Amino acid sequence: MATPVLGRLGDMYGKRRTLLISLSMLVIGSVVCALSDALAPMIVGRALQGFSAGVIPLGISIMRDELPAERLGSAMALMSSSLGVGGALGLPSAAALAEHADWHVLFWVSAALGAVVIALVLTLVPESTVRGGGRFDLVGAVGLSAGLLCLLLAISKGADWGWGSGATTGLFGAAVVVLALWSRWELRVSGPLVDLRTTMRRQVLLTNLASVVIGFAMFGMSLVLPQLLQMPEATGYGLGQSMMAAGLCLGPSGLVMMAISPLSARITSTWGPKVSLMLGAGVIAAGYGAGVFLMDAVWQILIVSCVIGAGIGLAYSAMPALIMSAVPVSETGAANGLNTLMRSIGTSTASAVVGVVLAHMTTAFGPVDLPSLNGFRTAFVIGGIAALVALAVAALLPGRRPARVTAAPERPGTPQTVAGG
């Protein structure tokens with residue numbers, strides 16, 4: 001919920017300043033979690049950590065304002081793909097800490113890394129002088145937060161509460177009502193939190209829809225492959241790996257995402273970001289299709305994860321170029337924040353859908369029920385279908401190559417205000 005809010009604040013009051021606030025909340029939240037031994041403070045700390053989700057869109061927006069044109073494409077591609085890279089590389093690191101140290105150490109490490117990044121931002125990142133101006137839309141921020149809270153809570157807890165239960169259906173209904181009222185407000189207010197007229201442009205709308213489905217496909221891999229790797233060998237299909245070994249098996253996919261970003265930037269500069277997005281979705285679908293058959297050995301899982309990782313790197317790298325070539329320079333923070341939010345909605349939906357599949361397609365293993373081989377294959381098929389849906393959505397993007405995203409023009413030493421669209 002913080003991503004579009006922080007993006008808008010960055011557009012209005014300074015992206016570097018808002019970036020530092022976002023990172024500070026990560027450090028504070030990590031320390032709260034590290035000092036916690038009860039559920040309530042842990043929830044508070046995790047909520048504070050969630051403000052760090054604004055780092056990626058704010059970073060991409062700063063790049064547009066500050067970097068020369070020849071460096072902008074590859075830099076944005078790497079920054080955008082880091083959403084997947086961080087998760088893939090974080091798995092083995094977190095697994096190692098969980099197996100060999102107290103779990104509190106994980107949060108101390110997170111706090112330390114956040115402090116290092118704050119120091120680097122203070123030292124190396126300039127404050128952009130591009131401002132959107134206007135007043136902050138507090139009503140819009142509260143309305144969007146309330147609507148998203150209802151929607152994401154219903155998606156994430158629907159399987160536990162029952163999809164037809166009063167709590168789940170009530171939350172879905174509340175989300176529809178609140179978001180409808182919020183949309184009406186945003187269309188009428190001057191200086192809205194999210195410019196829905198810009199968001200409804202074909203290129204922005206379709207990119208955001210594709211982001212939801214790509215986010216679904218990315219998180220599906222993160223849910224399925226670790227369970228398959230750690231499943232007991234006695235099941236006949238499990239690979240019997242430890243938590244740390246399972247994390248190490250998925251780590252290379254993060255390196256592939258990082259390595260593929262320059263290629264994605266080159267494809268985007270040559271043929272346009274639409275081609276990069278379509279190619280990424282196709283590669284993800286191929287990876288999931290291979291996963292249906294390549295489940296018998298660790299090396300096969302490595303291949304599957306790396307192919308899917310390559311597709312995610314291609315797709316994620318293309319999204320900022322599609323968004324920023326269709327929105328005013330003064331709205332890049334909010335627009336990128338909304339796009340990041342769409343990916344988060346996709347990951348939350350993946351958690352719910354894949355969780356239901358693996359919970360209901362089970363086989364008896366002693367006193368417990370474990371996900372069955374067909375359950376894993378079904379999850380792979382669903383991930384592949386999601387990628388194909390993303391491919392179809394991307395194919396509907398404007399056929400002409402979007403205008404090249406360029407760095408902001410040279411600005412005088414005094415701060416400049418750019419009127420919002």
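In the predicted model described here, Phe380 touches Val224, Leu225, Tyr288, Gly291, Val292, Met295 and Val304, leaving aside residues up to four places away in sequence, where contact means heavy atoms within 4.5 Å. Residues are numbered from 1 along each chain as its sequence is written, and side-chain values use heavy atoms, with hydrogens and water left out. Because the model is predicted, local features need pLDDT of at least 70 and side-chain atom pairs count only at pLDDT 80 or more, whereas totals for chains, interfaces and linings use all residues.

Phe380 is one of the buried residues of helix 15, which also include Gly375, Phe376, Ala379, Gly383 and Gly384; buried denotes under 20% relative accessible area, exposed over 50%, and partly exposed in between, with a 1.4 Å probe and protein chains only. Helices (H or I, at least four residues) and strands (E, at least two) are DSSP runs, numbered from the N terminus. Among the elements that cover the buried residues of helix 15 are helix 10, helix 12 (273–291), helix 13 (298–324), helix 14 (332–360) and strand 3 (368–371). At 1.5 Å a residue, the 23 residues of helix 15 should span 33 Å, which agrees with the 33 Å between its end C-alpha atoms; the expected span is 1.5 Å times one less than the number of residues.

The largest nonpolar core holds 48 residues, of which Ile214, Leu277, Ile284, Ile312, Phe376 and Phe380 touch the most other members; such a core is a set of buried Ala, Val, Leu, Ile, Met, Phe, Trp, Tyr and Cys residues joined through side-chain atoms within 4.5 Å. Two or more residues are given to this core by each of helix 10, helix 11, helix 12, helix 13, helix 14 and helix 15, and helix 10 gives the most, with 12 residues. A second, separate core of 22 residues includes Ile60, Ala75, Met79 and Ile118.

Ile60 is among the buried residues of helix 4, and because 11 of the 12 residues of helix 4 are buried, this helix is largely enclosed by the rest of the structure.

The structure holds three aromatic pairs, that is, rings of Phe, Tyr and Trp (its six-membered ring) whose centres lie within 6.5 Å, with planes under 30 degrees apart counted as stacked, over 60 as edge-to-face and the rest as tilted. In one of them, Tyr237 and Phe376 are edge-to-face, at 6.2 Å centre to centre and 65° between the planes. This pair links distant parts of the chain, 139 residues apart, with Tyr237 in the loop between helix 10 (202–230) and helix 11 (243–271) and Phe376 in helix 15 (residues 373–395). Both Tyr237 and Phe376 are buried.
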